[in-house]
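Here is my note on the model you sent. Please read it with the structure open.

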Amino acid sequence: MISFSRQNLEGREKRLERFFEILPGATSWTILLGMPCLAYWKPIFAAILIIAFELYWLLRLFYMTLFLILSYLRLSLEKKTEWMERVEGLDHLDPYLQRLQEVALPSDFKRRISLWTHRREAEALRESGRMPPPSEIIHHLVIFPVAKEGRNIIEPGIESLAHQKFPSKRILVVYAVEERASGDVKEGVWEIQEKYKESFYDVLIVVHPDGLPGEARVKGANVSYAAREAAAYLERKHIPLEHVVVSCFDADTVVSLDYFGCLTYHFMISPDRNQVSFQPIPVYHNNIWEAPGLARVLDIGSSFFQLIEATHPEKLVTFSSHSMSGSALVEVGYWPVDMISDDSAIFWKSYLHFEGRYRVVPMYVTLSMDVVSAGSWWKTIRNVYRQKRRWAWGVENFPLVMRGFLKSDTIPLTQKIRHSFKLFEGHVAWATWPLLLAVVGWIPALFAGREFSDTVFYYSAPRITATIFHLAFLSLLTTVLLSLGLLPKHNVKHPLRKKIGLALEWLLVPLSATFLSALPALDAQTRLLFGKYMEFWVTDKSRR
Amino acid sequence: MLVLRKIVFYFFVIIYLILCPLTILYALGYLFRPGTGEGIVKTGLIDLSTAPPGASVYIGKSRYTEKTPTTLRSLLPGEYPVKLILKHHIPWTQTVPVEAEKATVLEKILLLPTAFKHEELLSGPFQDLIPLPGNHFFLLVQGPDLEDLYVYDWKEQKGRPLLSSDSPFQGAKVLSHMTVEESPALLVRVELKRGEKFLWVTLSNEETVIEDLTSLFPEKPLWIEWEGRDRNQLFVFQRGSLNRLEIVSKAIYPKIVSSVRGYGLANKAIYVLRNDNTFERVDQAGKGTERFPQNPSLSDSLSSVRGFLKIKSLSSDTFLFWGERGELLLNRPPYQFVRSGVTGFEIFPQTGRLLLWQKNRLGILDVSEERQREEKIQEGQEPLWIFRKGDKIEQAFWVYDGSHILFRDREGVFLIELETYGKPKLYALLRVRKNSAIFYSEESGKLYFLSVEGDLSSVELLPREKILQFPFPERKEGKKKSEIQKL
């Protein structure tokens with residue numbers, strides 16, 4: 001079993017680690033530099049490759065759009081689900097299941113699908129024989145890390161917890177506050193504790209000391225420290241961790257009313273509940289109407305990406321705010337304390353620890369966070385870039401995962417290949433595809449000498465490319481429509497004009513994809529390639 | 001969902017595996033023709049662009065759905081009679097060959113109006129027109145004196161007399177003048193009651209500035225040169241040496257270079273051919289000599305040429321030598337390519353092509369480095385003579401990015417189309433006043449001339465505002481040159 005860290009490696013492990021750190025960045029740069037060189041030396045061959053790639057991209061876009069639509073439909077059909085009713089039903093599974101089987105499926109299509117899915121899940125649970133604990137003994141531990149967020153950012157999150165359909169008295173809230181946080185920040189947290197203490201099981205404040213040995217200045221170190229304290233607290237209260245679901249949120253996370261009901265349901269319905277993470281759909285609605293267009297489009301894109309990923313649970317990895325079994329968290333040793341991408345790293349750490357017998361369950365319920373917004377337009381763009389780069393730093397998992405796979409004899413080879421390919425290909429595509437489409441694809445035409453410019457291909461290629469991009473527009477249109485459907489209802493001035501403006505912002509996708517998605521990803525991979533590990537930088541969030 | 005996903009995934013894989021090769025084959029010009037026994041056939045295309053655009057395209061008797069600019073695709077190899085028809089324009093016809101997997105490109109087709117619309121710019125009568133190449137002025141001559149000259153700004157479409165009414169040079173008779181490409185100044189030799197004078201005339205939008213440089217010319221020079229953008233220095237060839245003259249300070253720097261039999265200016269340097277046929281570059285003070293490698297073939301060619309040679313720079317390492325008897329030589333193959341009679345030439349810098357003319361013929365020589373690399377150019381190889389039936393060709397211009405040539409043969413003005421797979425087409429455009437020059441501006445696309453009555457007029461050859469500009473560099477021409485036949 002490997003230690004899920006790049007620290008204190010020696011010999012072969014160190015060499016392997018460096019090799020796999022270099023590989024994604026080297027591949028991305030080889031593609032980005034190799035294509036122009038190929039376009040210069042063999043323009044026809046390069047143009048053929050580009051057409052083949054564009055066609056692949058188009059079909060993949062259609063493929064993803066199809067599953068985006070399906071996932072969106074699933075999200076919309078689960079909006080009306082009474083999760084707590086289902087939770088209570090699971091407390092008495094057999095009679096409940098019988099009632100489910102006897103009741104006629106509703107005429108409403110959405111409810112029909114929802115019920116059908118639920119029935120299947122309940123049947124699978126019964127067949128597994130691994131019954132859940134009674135719902136009244138299931139507790140939730142919610143950790144909010146705080147570094148420099150003010151009370152106005154933090155409070156909506158705990159407010160949303162207080163109004164859950166799930167009994168808030170079985171929710172333990174922990175504020176994981178960095179020691180280096182300012183006095184104002186700490187004061188804000190203290191005030192919140194005072195205000196909400198009675199609404200929950202408890203509201204704890206755990207101050208994470210700076211400079212603990214072996215820790216980097218990362219969120220994972222903070223939340224792990226807090227989780228340890230919380231685990232000790234729960235032990236004192238005689239609450240077994242097998243009955244605790246831990247949710248690690250961001251400081252600005254606001255959950256929907258059904259969130260914990262839905263989470264409890266999924267915890268109970270999953271036979272392997274203590275070897276599972278739960279991934280909701282992140283949306284960025286806290287300040288979506290006020291945020292700048294470029295940032296908004298990117299974050300909606302992230303939500304869509306998660307929606308698509310939710311349709312592929314065998315390859316799903318945790319991202320951003322997520323939940324998992326308390327016992328699993330303790331068993332795997334909490335979040336990594338020296339990695340920036342703690343959200344995805346905890347999944348890989350658990351996957352390796354349980355030797356492939358760990359998965360992520362997608363939850364069709366949303367939780368909301370802030371779009372990056374920092375006062376001026378330029379500052380916002382800079383912050384968005386940094387945030388995306390931090391997300392792309394998830395590539396740091398690749399060498400750890402690969403070393404883990406090489407060491408493991410029990411994880412099936414097909415799974416290793418599938419996971420490693422997805423991880424590798426995903427990061428390389430992130431860094432290269434927008435640049436290939438926006439820039440590199442046009443290079444053969446620029447370098448065209450007489451040899452190329454006298455050919456039919458020289459005239460056909462732009463036409464084919466134009467057709468491909470026109471067809472891709474259909475996918476963009478679908479995305480625009482779905483994004484409008486996903487928007488929160490809000491009392492804004494000129495809502496129709498706002499919506500039209502929001503729709504038109506999607507035309508910025510080529511720009512944002514290139515400069516605020518691909519470039520940060522390339523930046524992150526290049527840093528990893530050269531061993532320039534990133535310091536954690538807390539995203540500036542502000543609300544008007 | 002997993003099952004659905006797998007089904008959809010494999011479906012898309014199959015689609016891709018089918019579509020991708022088909023798309024690439026289509027892009028390469030392959031066409032699938034089931035049932036004809038041919039199966040997959042290789043096709044070519046014809047790409048047509050006209051100025052002005054919007055011409056109807058006919059292949060034989062069939063009319064194509066799109067208008068120019070357009071691309072005719074999926075054509076089987078062979079010859080296609082193409083006809084382009086645009087209202088009020090002369091129909092354009094040509095038999096165009098199509099090769100498999102190749103594009104036949106005709107992208108600079110100029111459709112000429114059936115009747116040119118003459119625009120009268122200035123009422124004359126004028127006797128002559130003096131072009132100032134590279135500027136937006138030219139001069140109009142109404143009589144023999146300096147005050148009979150008019151400055152016409154073709155951009156602003158305004159004319160004014162060269163001299164102000166109180167100019168001290170009123171009554172000066174013009175003996176000769178000299179202009180240089182891109183220079184807004186000209187050197188005029190005039191005769192006044194008190195003797196001959198050399199005047200430096202600088203033109204601008206608002207006024208004419210005239211400086212008397214007579215003191216800088218103690219004797220009549222054999223040749224004078226200056227760089228277009230340099231308004232302060234002249235280089236004068238006299239008695240086998242070069243003198244540098246500074247206009248502002250009225251200073252003479254004599255014999256900055258000696259033993260000279262030819263020279264030219266470019267990029268603030270002087271390119272000098274010595275009496276011993278060594279070719280050098282010196283700075284404007286005559287120092288910092290940098291000798292070009294001695295080439296026996298060039299030396300031999302230069303030795304056969306007598307007299308003074310003007311040197312023109314075509315690129316940083318390619319130079320043209322123009323002898324007194326109209327000899328033309330290059331400092332690389334083919335070295336001497338015209339033995340005599342060249343009365344003028346025009347360089348088309350973008351393609352490195354040289355247009356030259358003698359009294360009765362027009363020729364083109366490709367001196368680009370690309371051509372040098374691709375073809376082994378023989379020493380003494382002659383230019384391609386595209387027109388041989390001239391009488392007294394005095395001016396010629398590149399038109400429409402080098403795809404056409406406009407030339408004046410005595411009073412006739414003609415246009416030759418080079419963009420052709422057959423015989424180059426010759427169009428007679430108009431007649432101008434006897435012994436008057438013409439001026440063509442590629443920038444405006446207009447030809448400026450004096451009508452037979454002596455009025456300044458213009459016709460639009462190239463409808464500039466209707467021609468689309470594309471961001472990609474122009475494709476390099478080459479294929480059609482070998483098929484140009486002589487007229």
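1. A caveat comes before the rest. This is a predicted model.

2. Start with the extent of the interface. On chain A, 29 residues are in contact with 34 residues of chain B. The area buried between the two chains is about 3100 Å². Carbon and sulfur atoms give 67% of that area.

3. Next, the polar side of the interface. Between chain A and chain B the rule finds zero salt bridges. Polar contact is found for nine residue pairs across this interface, both residues being at pLDDT 80 or more.

4. Which helices of chain A each supply at least two residues of the side that touches chain B? They are helix 2 (43–77), helix 16 (443–446), helix 17 (450–453) and helix 18 (456–486). Helix 2 gives the most, with 12 residues. By type, the side of chain A that touches chain B divides into 20 nonpolar, five polar and four charged residues.

5. Now helix 6 of chain A, residues 151–162. Its 12 residues reach 16 Å from first C-alpha to last. That is close to the 16 Å expected at 1.5 Å a residue.

6. Which residues of helix 6 of chain A are buried? They are A:Ile153, A:Ile154, A:Glu155, A:Gly157, A:Ile158, A:Ser160 and A:Leu161. An α-helix has 3.6 residues a turn, so residues three or four places apart point the same way.

Notes. Residues are numbered from 1 along each chain as its sequence is written. Chains are lettered from A and ligands numbered from 1 in the order in which they are written. This is a predicted model: local features need pLDDT of at least 70, side-chain atom pairs count only at pLDDT 80 or more; totals for chains, interfaces and linings use all residues. Side-chain values use heavy atoms; hydrogens and water are left out. Contact means heavy atoms within 4.5 Å. Buried area is the accessible area (1.4 Å probe) that two parts lose on being put together, summed over both. A salt bridge is a side-chain nitrogen of Lys or Arg within 4 Å of a carboxyl oxygen of Asp or Glu. A polar contact is a pair of N or O atoms within 3.5 Å; within protein, one must be able to donate a hydrogen and the other to accept it, and residues adjacent in sequence count only if both atoms are side-chain atoms. Helices (H or I, at least four residues) and strands (E, at least two) are DSSP runs, numbered from the N terminus. Ala, Val, Leu, Ile, Met, Phe, Trp, Tyr, Cys and Pro count as nonpolar, Asp, Glu, Lys and Arg as charged, and the others, Gly among them, as polar. The expected span of a helix is 1.5 Å times one less than its number of residues. Buried means under 20% relative accessible area, exposed over 50%, partly exposed in between (1.4 Å probe, protein chains only).
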